[in-house]
Amino acid sequence: MTAETSQTLDRGLRVLKLLADTDHGLTVTELSNKLGVNRTVVYRLLATLEQHALVRRDLGGRARVGLGVLRLGRQVHPLVREAALPALRSLAEDIGATAHLTLVDGSDALAVAVVEPTWTDYHVAYRAGFRHPLDRGAAGRAILSARQTADASHPGYTLTHGELEAGASGAAAPLVGVSGVEGSVGVVMLTDAVPERVGPRVLDAAREVADALR
């Protein structure tokens, strides 16, 4: 540190970097040990960063990077969408259902990119910006499932029916290996049961999007 720099700002930036380098978040104690400062300092740093949505804490108390980090750069969300669109287009056309990329925003699931199929007579209308609780719908449930899975390198897919819209079914798989980002890729369709091939296809699309975002 030099006379021209801020120790508090430096510590805050170090917190963000540490959180960005982990997929499962860090506790106050873990951050305290890594920064070499006491827990009170870490609490104050996290509280300040939370006010700006740069950090969020889950129900277990683990701190994670917040979507406010994305908002710092005006072009970040468009870049995320642009990176995901090829895989989403392929998924929507292949399955004949509306495909989406969903990210965690606080306690909600937020759709940040949506692609509708071009050849179907009808499909579910799903818009970017749509949000819903993480524990409802395939997109959010896939993310929660990934948090609880010990072997995150081999994620599964999640199927739901009628949780967000009557008569609609969903399939989603979590993003894996994208530092600082929690999300999922999925499809929503008007059917009573998701066809067998959809789940594995969604898994493949989630891997493609994760690769594009790394």
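In what order do the six strands of the open sheet run, and with which pairing, parallel or antiparallel?

## The sheet

The order is S5-S4-S3-S8-S7-S6, and the pairing is antiparallel. Strands here are DSSP E runs of at least two residues and helices are H or I runs of at least four, numbered from the N terminus; two strands pair if DSSP finds at least two bridges between them. This is a predicted model, in which local features need pLDDT of at least 70 and side-chain atom pairs count only at pLDDT 80 or more, while totals for chains, interfaces and linings use all residues. Residues are numbered from 1 along each chain as its sequence is written, and side-chain values use heavy atoms, with hydrogens and water left out.

Strand S5 (131-133) and strand S6 (158-161) stand at the edges with a single partner strand each, so one side of each has no neighbour in the sheet. On average, neighbouring strands are turned by 30 degrees against each other, direction ignored. Axes are lines fitted to C-alpha atoms, for helices over the stretch in contact, and angles run from 0 to 180 degrees between N-to-C directions.

## Helices on the sheet

Helix H6 (residues 138-148) lies across S3, S4, S5, S6, S7 and S8, at about 30 degrees to S7. H7 also packs on the sheet, where it touches S3, S7 and S8, and its direction makes about 145 degrees with that of S8.

## Nonpolar cores

The largest nonpolar core has 31 residues, and Leu88, Leu91, Leu101, Leu175, Val185, Val187 and Val198 touch the most other members. Such a core is a set of buried Ala, Val, Leu, Ile, Met, Phe, Trp, Tyr and Cys residues joined through side-chain atoms within 4.5 Å. Among the elements that each supply at least two residues are helix H5 (76-95) and helix H7 (198-213). Apart from this core lies another of 16 residues, including Leu45 and Val65.

Ser169, found in strand S7, is buried, with a relative accessible area of 3%. Buried means under 20% relative accessible area, exposed over 50% and partly exposed in between (1.4 Å probe, protein chains only). The side chains of Ser169 and His161 are joined by a polar contact of 2.7 Å. A polar contact is a pair of N or O atoms within 3.5 Å; within protein, one must be able to donate a hydrogen and the other to accept it, and residues adjacent in sequence count only if both atoms are side-chain atoms.

Asp58 sits in the loop between strand S1 (55-57) and strand S2 (63-65) and is buried at 18%. Its side chain reaches the backbone nitrogen of Gly60 at 2.9 Å, and that of Arg62 at 2.9 Å.

Notes. Contact means heavy atoms within 4.5 Å.
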